[in-house]
Amino acid sequence: MVKDVRERSTDLASQEMLALAARAGYEMAWDRFEKQLPQCGFGESGLCCRNCNMGPCRIDPFGEGPTKGVCGATADIMVARNLLRMIASGAAAHSDHGRDVANTFKLMTEGKAPSYHVKDRAKMERLMKEYGVESQIALAEAIMAEFGKQEGPIQFTRRAPPKRLALWQKLGIEPRGIDREIVEIMHRIHMGVDNDYVHLILHGLRASLADGWGGSMIATELQDVMFGTPKPIRTEANLGVLRSDQVNIIIHGHEPLLSEMIVAAAEDPELQELAKKHGSEGINLAGICCTGNEVLMRNGIPSVGNFLQQELAIATGAVEAMIVDVQCVMPALGALVNCYHTKFISTSPKAKFPGATHMEFHEEQAYETAKEIVKMAVMNYPNRNQTKVHIPTIKSEAIVGFSVEAIVEALGGTLDPLLDAIKSGAIRGIGAVVGCNNPKIKQDYGHITMVRELIKNNVLVVTTGCGAIACAKEGLLLPEAANLAGDGLKSVCKALGIPPVLHMGSCVDISRILVAASAIANALGVDISDLPAAGAAPEWMSEKAVSIGAYVVASGIYTVLGTVPPVLGSSEVANLLTSGAASVVGGSFAVEPEPEQAAKLMIGHIESKRKKLGM
Ligand code: BF8
């Protein structure tokens, strides 16, 4: 029986499309999720090991069956190894994205990628100074070298407060080359290598730090150099941004190397003309997931929605092309596009999908390929079956583009007004609400409920990824949303003309949150773990989120997860992550599926930190 769509999503546009999909008999992620129920208890608790071919082994969490794998691995070892495998994959995803950006920056510098240009020269010069190099090519080479560096720290870790850096060094978790840390995870979790769960988890934190302060931060910084550092810009979000009279092109995935070129190609007068010749009123570009966030932040390109809306967007029947690169793209799209005229176009040399047309994208001919792809979408417009088109009218306005630089500018050029507001208690602290959708939780419910509760209690919210898109759709990224905030936060937002919820970008841009936290900690002369701040991922699903959670905690920030990570099979590992970690790295995890309760945990943590700081 089809579930009530209101139990699947809080978003009215999604509900409308879910009902349509159910009537048409199209299978969505929620349906596939239900077919998986009950999900495997061994997998859920982290007690299944497939790391060698003596297995697969599983441990009975109730102690009635086997308590060890064939090699003798206990629940603690199995759970820790499995968790590290997730961190490795997540850190690799972000960092390989960072590598592609760094490689493009290098190719551009060498004159081999003529479609790309330096847009933020001042930022590039700051980076050169940071790396102690005199030329653009030396910067490109130094950053590329971060990935394979065998010894010595990653330069951007020097942005962390001195106390944090000293702690990482004392614990032996200061990250070295990014690739090295990820390879070392894969080595340690191989059969018969590292079998001490504490030792394993510490290395997991080290590799995750190489993601947050390395791969992700490199992606953010060089994307800003090449495509511009985001500034506040007004845009729109939700399925209602699709147009019935225009060629709709959706860009989905993560790397702006592609999406920025598509943005430029969609504005090409030649292609605009072609679109009119084929009977449309023009070309309408929209984003989904994080590449959507990248072009939303920098160009104000509207967002069609977050992770769980990728299939719903196609089900509108109004999408000429869904162009994808890497990460968070459901392979289900291939089958779904068969029901419509939509072209599903894969572009990354790393990522192919069943049912997709592969138009491989290379930096050297980036703009030419982007034009070809947009042309294919335009030519597809006459194939649209107007009787199948159903676009919800629902959309919201949003102000996005709050890079650290933009926040400082909004504050009048210094962090002081924010620090004063925190010290006076008008703003109690900062809550970072990030991450995915997951059909285990009603779509957007976790994000929206938590964010509303936080701002009501005078906690300024920063947000990224699919959580940020949920906030955009809910109207929480508008200055008017300050009316939903407590009196203190409301007055600060009104005085500065900012929303109470600041969209800081895609998931790699959580590195911006690290930079902001470091700047605030340095200004107060304390460590990040002393700040009245807390993080949350209320609807997380991806391995990238596991890496993010790990580096946020290792950076000293208390983090509440809304979906349960697969660690409950080991009470030792679970206790280490939820309480032991606090005395080691100053940050720890909590798990709380109910978002209002989770917000209360964050607020409680913020208040305890205020007390310790004598605020
Ligand atoms: O990197 S929030 S569903 S889109 S993983 Fe994916 Fe999660 Fe969305 Fe972006 Ni992040």
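## Helix α10

Of the 31 residues in α10, 27 are buried, so this helix is largely enclosed by the rest of the structure. Buried here means under 20% relative accessible area, exposed means over 50%, and partly exposed is in between, with a 1.4 Å probe and protein chains only. Before going on, note that this is a predicted model: local features need pLDDT of at least 70, side-chain atom pairs count only at pLDDT 80 or more, and totals for chains, interfaces and linings use all residues. Residues are numbered from 1 along each chain as its sequence is written, and side-chain values use heavy atoms, with hydrogens and water left out.

Helix α10 covers residues 197-227 and reaches 42 Å from its first C-alpha to its last, close to the 45 Å expected at 1.5 Å a residue. That expected span is 1.5 Å times one less than the number of residues. Helices (H or I, at least four residues) and strands (E, at least two) are DSSP runs, numbered from the N terminus. The helix does have a kink of about 40°, centred on M217; the bend at a residue is the angle between axes fitted to the seven residues ending there and the seven starting there.

Both ends are worth a look. At the start of α10, a side-chain oxygen of D196 comes to within 3.0 Å of the backbone nitrogen of V198. Just after the helix, G228 takes a positive phi of about 105°.

## The nickel site

Which protein atom is a donor to the nickel atom of the ligand? It's the SG of C507, at 2.3 Å, and this is the only protein donor. Donors are N, O and S atoms within 2.8 Å of the metal (3.2 Å for Na, K and Ca), and water is not among the atoms, so sites may look incomplete. C507 sits in the loop between β13 (501-505) and α22 (510-524).

The four donor atoms around the nickel subtend angles of 91 to 157°, which makes the arrangement irregular. For reference, four donors count as tetrahedral if all angles lie between 85 and 135 degrees; four count as square planar and six as octahedral if opposite donors are over 155 degrees apart and all others between 65 and 115; anything else is irregular.

## Salt bridges

Side chains of opposite charge can pair when their charged atoms come close. A search of the whole structure turns up 45 salt bridges, each being a side-chain nitrogen of Lys or Arg within 4 Å of a carboxyl oxygen of Asp or Glu. A network of them links K123, R126, E130, R159, E221, D224, E294, R298, E405, D509 and R512.

Take R158 and E174, whose closest N and O atoms are 2.5 Å apart. This pair links distant parts of the chain, 16 residues apart: R158 is in the loop between α7 (136-148) and α8 (162-171), and E174 in the loop between α8 and α9 (178-188). R158 is partly exposed at 37% relative accessibility, while E174 is buried at 16%. K149 and E146 also pair up, with 2.7 Å between the closest N and O atoms. Here K149 is partly exposed at 24% and E146 is buried at 0%.

Then there's E596 with K600, at 3.7 Å between the closest N and O atoms. Both lie in helix α25 (residues 595-612), four residues apart, about one turn of the helix. An α-helix has 3.6 residues a turn, so residues three or four places apart point the same way. E596 is partly exposed at 35% relative accessible area, as is K600 at 40%.

Most residues other than glycine have a negative phi, and most peptide bonds are trans. Where are the exceptions? The peptide bond from L37 to P38 is cis, with omega near -5°, and P38 is in the loop between α3 (29-36) and α4 (41-45). Another cis bond joins G55 and P56, with omega about 5°; P56 falls in the loop between β1 (48-49) and β2 (57-58).

N238 isn't a glycine, yet has a positive phi of about 115°. You'll find N238 in the loop between β3 (233-237) and β4 (247-252), buried at 1% relative accessibility. D444 has a positive phi too, near 75°, and lies in the loop between β11 (429-433) and α19 (445-456). D444 is buried at 2%.

Technical notes. A polar contact is a pair of N or O atoms within 3.5 Å; within protein, one must be able to donate a hydrogen and the other to accept it, and residues adjacent in sequence count only if both atoms are side-chain atoms.
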